[in-house]
Amino acid sequence: MSDAKIMMRRPTRLDKKFDLLREKTEQGTLKAASSNRALSKLASNKLAVLGLAFVTIMILASVFAPLVTQYDPQKVDLRMMLKPPSADHILGTDKIGRDVFARIIYGGRISILVGLGSALGAALIGVSIGAYTGYKGGWWDSTFLRISEVVMSFPQIILVLMLVTILGQSLMNLIIIFTLTGWGSLYRLTRAQMLSLREEEYVQALRAFGLNTFTICFKHILPNALGPIMVNITLSTAMFILQEAGLSFLGLGVPLNIPTWGNILNVAQDLRILQNYWWVWLPSAVTISLFVLAINFVGDGLRDTTDPTMQG
Amino acid sequence: MFVYFTRRLLYLIPMLLGISFLIYLGLELTPGDVISYLLPPEAIADLKPEELMAMREALGLNDPFIIRYFYWLGGILQGDFGYSLASGVPISQLVLDRIPATLELSVAALLFSTLFGVILGSISALKRGSLMDNSLTVFGMIGVSIPEFIFGLVALVVFALQLEWLPVGKRLMPGYDSYWDHMPHLVMPAMVLGLIMTAGVMRYTRSSMLDSLNKEFIRTARSKGVPEWRVNFIHGLRVALIPVVVLIGFRLPMLIGGTVIIEQVFQWPGVGDLFVNAVRGQNYPLVMMISFLSVTAVLFASFLIDLLTALLDPRIKLE
Amino acid sequence: MKIRFLLPLVVTLCFTTQLLAMPKNSNPLSDSRVRQAIAYAIDMDTIQETLLEGKAIVADSHIPNGPFKKPGLPKYSYDPDKARQLLKEANWNSSQELDMVYYYSDQLTVDLMTAIQAYLSDVGIKMNFRKLEGDVGAQLWTAPKDPQNGPSAVKWDLAYGAHGPLALQEYFSRYKTGDMSISPADAKVDSMIDVLTSTADIAAQKKIFFEMEDYMQTELFTLPLYYQQAFIYESNKLNRNGGIYGNPQYNYDWDVTKWTVEPDANGKMVMNTNTGPMEFFEHPWFNPGLFITNKVLFDRLISCDGGLAPTRPKMAKYYNLSKDAKTLTFELKNGLQWHDGSAITAEEIKWNIELALKVPNIMPIFKTTFSYLEGAEAFMNGSASSVSGIAVSGNKITLSFAQVDPNVLLTFTQWTPLPRKHLEGVDPAKFQQHPFWQNPIGSGPYKVKEVKMNDYLIMVPFENFHEGVSRIDEIVAYPSKDNDANLVKNALAGSLDYGFTKNVADVKALEEMDHMRVIPADIPYTRMVWFNKYAKN
């Protein structure tokens, strides 16, 4: 039937695209779309782009905080306490006269460090153990599987609170604690990916070539599992930032003399501040929420691009 | 199958032993002891070091580590969960006293989030790509992005202090005779916790429903001329519900942790509140027992969920 | 009952030249100039007006303003230039970082620490602060093995905290050599403390107080920052009907039996308050009046006014302190009863004092009084089965002291006996863990009706109270610590009729509520910065 029929049909955009492709193939100029495809797919997800933009802006603002604000976030001016937003202090001042905007910008340094640092720490531990033991299997594999089961059976906050009491309250300890409590899911994820990938033919081929385990596992298999790992890292970052805020509410987070979003927000516990002085707490609440939201959008976008089965 | 589950059950024992040892080890590393919780700081400031030592000795805080661990473990095996260092009250009694409050809060939040989550998730899945779907997704994400204590505090200010619709917190009040009297106190903490959890359930329902709507048997049902609504709700939802049940079941013990912050905001006297106080006071028998009990709950719950899904879903076959 | 006691003047001072302005060891804080510089650097007046919202009094001594404070003590008003100059003289090494600790968990303390940090950095002193966790007492007060040369057994350089003693002597008695983690032995201080704790002569006491204050403030052993008031708050529904106000941290003649509350819809008078039990009732021998339960469930032998000066007998029909202040006699009123209806006997009081001698954590001033009793030492080391200094005949108790305790009457205004029947055989070391403290039976104007631990406690008038039955039908106490984190929430919701707080942020919020009134009370409660003056490893 068909050639004639196709010719008769009005050419669609798809036809044009295919024509273009054919043309390029014939001229030999067609290149394999590599990672660009994932990127372009991500770029087509408006929320993810918006999220990425916000996260980038916040990170840049925190890193280059001195360029963004002229105020020292620790500069106390008792005679200027609880002043509402004005041209001088665009988000007003807090209970001891510090500039709220400056505190949020500088606070971002620590909060993002805690969130991203812990997530990367957890990824480093989880992924390396997961990749190696998942590929090798055997005794080490089952040992770590048990350990991860033990860690993951704890309700998260209970484990975190326990570790906070053991290690004490400090910035470094908090990152360590989040890392210790967060590596389990990344380990499981990586291990599962390894288990399925190691039976692939290309891996068998590599093995037949006599490449060492380490190279096969980290250089040849792991990159193929990176997608879901990236998604998990972004989502963990968001979770840790929220957890930092929760812990500072309980008075068990980063020591209160270090400005973090959670510590700035903590003053909302004082009902007088909560009801009468919105500028002291609301901006940090909005910042945390927007930042976490933005990361979640990015994570979602990443998931969609890397997971072909997710068509939502 | 019976063999498999017996093996899984037996496997829990070494696991729990290992966990108990780790918990004990960890708590031993904590600085300070219960003395600082028994007495306010100003009071401690007035005590002499030898008086502090005498108190410590009396509380058994000077025995070697291993002895204390086995002493404690032996107690548990005999059904003795130990005593709170602060009050001398049996821990079993302290925890049992608090369980109803936490259970009430968790179950209410769970019901709320399941109902809402499943309904909204289904709507999202059926109207995939619609404005409704997108806005629900975004709302869900906003919901999980707000720190829960801020959510709680704002709700408290609005509904309890400004509108005066609901009590500001606490659970039982003098003069409550019937079990239902304190329900107004439950509404806010349960709603706040429930809303936070809704997003997760919604998302999960949506994706598992999408998944099952694409399955062969749905297409078959459709091709056989079963009406669309029946296809969606009877066939799609039923299969989609299994993972939702899994999700809920798994969250139940996790709620022990999830309620920690909400209980603090709403002065809800549950296990989470007890735990936070115990952690702050290094009341280690209490911290240990609560942690141990919550892990035990998680392990048994996941075991039960495994059992349940295996029984429910004929497609899962075990050796 | 006028006390006259001749004081042996032991204060002989070995100082001919003042060599004070020198570091005593490798720790720069042992140099009084550095300590003074820190004092000059901090603008307490501004802090008082802003951060503390005017709700504190800037301090110039440990001792609060009043007859026992020497007029014209050295003040260290804000003077950053002077601070810089002193630091220069003392060769302050500006790269050194001072470690400051505190133990309060409220936001105000963090704000205050931040402000002090900023002031110090302004004169070139680096300071970092942290909250002590865990065993706060040991971390603050472990004294070095060698009280002369150290090294220090605690890690910090500066500590922010407070002292709110029952008797003024206690402000200084803790500086005694060997007891303190922060001050190297000082013979002058020791000799002054010896006099302070062994004379009941007011004039003699006053003289030493003046000397001590002057010495401490000149040397700046410790930097007193501000005097904290306590703030009593009441709802408009509550009426004390003439009952007086006083130090709310302790017991005084507040006439709680006369108080009334506007009746509710059922015509019942219910007073809501906080500081109810959380897991157990805290026993009243440590904090005799911090919690509502200890205030109203228990009665005292002697009553006192709002400033805690003994005024009249209470459970006692009369009391008499001999002229040499070494013999105290009580006679109990007839027909005194515990809440369970059994009689309160003089023999029981003796048993109580003996038990108190063995309970490790009781209020220091009680401990001092009881340990000064004749035969107390023999009883405690086990060589005697009872304290020989306590004689009972009928309703009469005679206490004979081996040593004069200036605070003996004060002790009996706060200390309360407990029913022997219910505590017989209690292990003194586990006193607080006794089941009695789940539902105590006392002797005060109110008794426990219902305990719903973690939820609420209901107390009702004790029908056989010797000073008449109380008018308020029910006192409902919700669980909280003495610093109630939920105070503002609950007050706004109208579920607090009485309480007190030291948190000035909460006070401000309470003042803004139309249905609440706040009554400040002067209490001996001084917030200070302790300097660790020992050499450090």
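One aromatic cluster is formed by C:Trp285, C:Phe298, C:Phe330, C:Phe370, C:Phe412, C:Trp415, C:Phe431, C:Phe436 and C:Trp437; rings of Phe, Tyr and Trp (its six-membered ring) are paired if their centres lie within 6.5 Å, and planes under 30 degrees apart count as stacked, over 60 as edge-to-face and the rest as tilted. The model is a predicted one, in which local features need pLDDT of at least 70 and side-chain atom pairs count only at pLDDT 80 or more, whereas totals for chains, interfaces and linings use all residues. Residues are numbered from 1 along each chain as its sequence is written, chains are lettered from A and ligands numbered from 1 in the order in which they are written, and side-chain values use heavy atoms, with hydrogens and water left out.

Over all chains, the structure holds 34 aromatic pairs. In the pair C:Phe436 and C:Trp437, the ring centres are 4.8 Å apart and the planes stand at 85°, so the arrangement is edge-to-face. Both C:Phe436 and C:Trp437 are buried (buried means under 20% relative accessible area, exposed over 50%, and partly exposed in between, with a 1.4 Å probe and protein chains only). Aromatic rings in chain C also face charged groups. The charged end of C:Lys295 sits over the ring of C:Trp254, at 5.3 Å from its centre, and that of C:Arg527 sits over the ring of C:Tyr104, at 4.8 Å from the centre. A charge sits over a ring if NZ of Lys or CZ of Arg is within 6 Å of the ring centre and within 35 degrees of the ring normal.

Chain A has 14 helices and 0 strands, where helices (H or I, at least four residues) and strands (E, at least two) are DSSP runs numbered from the N terminus. Of the 312 residues in chain A, 50% count as buried. Among contacts in chain A with a separation of 6 or more, 69% involve residues 24 or more positions apart, contact meaning heavy atoms within 4.5 Å. Helix 6 (residues 100-136) and helix 7 (residues 138-153) of chain A pack at an angle of about 135°, and their axes are 7 Å apart. Helix 6 of chain A is therefore oblique to helix 7 of chain A. The contact is made by A:Ile129, A:Thr133, A:Gly134 and A:Lys136 of helix 6 of chain A and by A:Gly138, A:Trp140, A:Asp141 and A:Phe144 of helix 7 of chain A. Axes are lines fitted to C-alpha atoms, for helices over the stretch in contact, and angles run from 0 to 180 degrees between N-to-C directions; those under 35 degrees count as roughly parallel, over 145 as roughly antiparallel, 65 to 115 as roughly perpendicular and the rest as oblique.

In chain C, helix 7 (residues 187-196) and helix 8 (residues 202-219) pack at about 155°, with their axes 10 Å apart. This angle makes helix 7 of chain C roughly antiparallel to helix 8 of chain C. C:Lys188, C:Val189, C:Met192, C:Ile193, C:Val195 and C:Leu196 of helix 7 of chain C meet residues of helix 8 of chain C, including C:Gln205, C:Ile208 and C:Phe209. C:Leu220 is placed in the loop between helix 8 and strand 5 (222-235) of chain C. Most residues other than glycine have a negative phi. Phi of C:Leu220, however, is near 50°, a positive value, and C:Leu220 is buried, with a relative accessible area of 0%. C:Asn91, in the loop between helix 3 (80-89) and strand 2 (97-102) of chain C, likewise has a positive phi, near 55°. C:Asn91 counts as exposed, at 65% relative accessibility.

Three further buried positions were examined. C:Gly276 lies in strand 8 (residues 270-276) of chain C and has a relative accessible area of 4%, which places it in the buried class. Beyond its neighbours within four places in sequence, C:Gly276 is in contact with C:Ala477, C:Tyr478, C:Pro479 and C:Ser480. C:Val110, in helix 4 (residues 107-122) of chain C, is buried at 3% relative accessibility. Residues up to four places away in sequence not being counted, C:Val110 touches A:Leu256, C:Tyr102 and C:Phe129. In chain B, B:Thr198 lies in helix 9 (residues 183-213) and is buried, with a relative accessible area of 5%. Its contacts, leaving aside neighbours within four places in sequence, are with B:Phe112, B:Ser113, B:Phe116 and B:Gly117.
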